[in-house]
Amino acid sequence: MRRTVTIGAVVALAALAGCESTRALVTEKEDHLAAAGFVVQLANTPQRAAMLSRLPAHHFLRRVHGNDLHYVYADPTVCDCLYVGTQAAYDRYRQYQQQHALANEEQMTASDYQDASWNWGMWGPWGPGDGFGYGPGWGMGW
């Protein structure tokens with residue numbers, strides 16, 4: 001019986017940690033939306049809450065009304081709100097996302113070469129015909 005309770009507690013904590021990390025990611029994204037110029041519209045009435053629940057959560061939607069184009073991002077889980085932005089706000093958000101992705105890629109590339117004590121020789125010879133090239137027997141030491 002005690003083992004069952006312990007396993008259940010571990011599973012519950014793992015699920016909670018997963019939810020928290022998802023919550024943190026959504027919150028970070030929403031901070032970037034606000035910084036880009038999106039306006040928060042709270043679902044603070046039963047009617048707004050009902051309408052918010054009909055939209056796909058955490059996805060951008062385009063809304064065209066006459067000559068106006070707006071982007072909306074529904075969040076029924078963290079803020080219970082709708083983010084509304086113009087084309088310019090959406091462009092700023094996308095530009096930030098691209099810059100952030102590039103910075104992450106540059107950081108990853110830089111970290112590939114930072115460890116001077118890494119022993120590449122432990123991974124075998126490098127070069128044509130040493131079993132680490134492409135072709136028949138690739139990676140099998142043939």
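Residues are numbered from 1 along each chain as its sequence is written, and side-chain values use heavy atoms, with hydrogens and water left out. In this predicted model, local features need pLDDT of at least 70 and side-chain atom pairs count only at pLDDT 80 or more, while totals for chains, interfaces and linings use all residues.

User: How many aromatic pairs does the structure hold?
Analyst: The structure holds six. Rings of Phe, Tyr and Trp (its six-membered ring) pair if their centres lie within 6.5 Å; planes under 30 degrees apart count as stacked, over 60 as edge-to-face and the rest as tilted.

User: Why is the pair of F60 and Y73 called tilted?
Analyst: The ring centres of F60 and Y73 are 5.3 Å apart, with 50 degrees between the planes.

User: What makes F60 and Y73 a tie between parts of the chain?
Analyst: F60 lies in strand β2 (residues 60-65) and Y73 in strand β3 (residues 68-75), so the pair joins parts 13 residues apart in sequence. Strands are DSSP runs of E, at least two residues, numbered from the N terminus.

User: Is F60 buried, partly exposed or exposed, and why?
Analyst: F60 has 22% relative accessibility and counts as partly exposed. Buried means under 20% relative accessible area, exposed over 50%, partly exposed in between (1.4 Å probe, protein chains only). Y73, at 1%, is buried.

User: Why is the pair of Y73 and Y83 called edge-to-face?
Analyst: The planes of Y73 and Y83 are 65 degrees apart, and the centres 6.3 Å; over 60 degrees counts as edge-to-face. Y83, at 7% relative accessibility, is buried.

Conventions: Helices (H or I, at least four residues) and strands (E, at least two) are DSSP runs, numbered from the N terminus.
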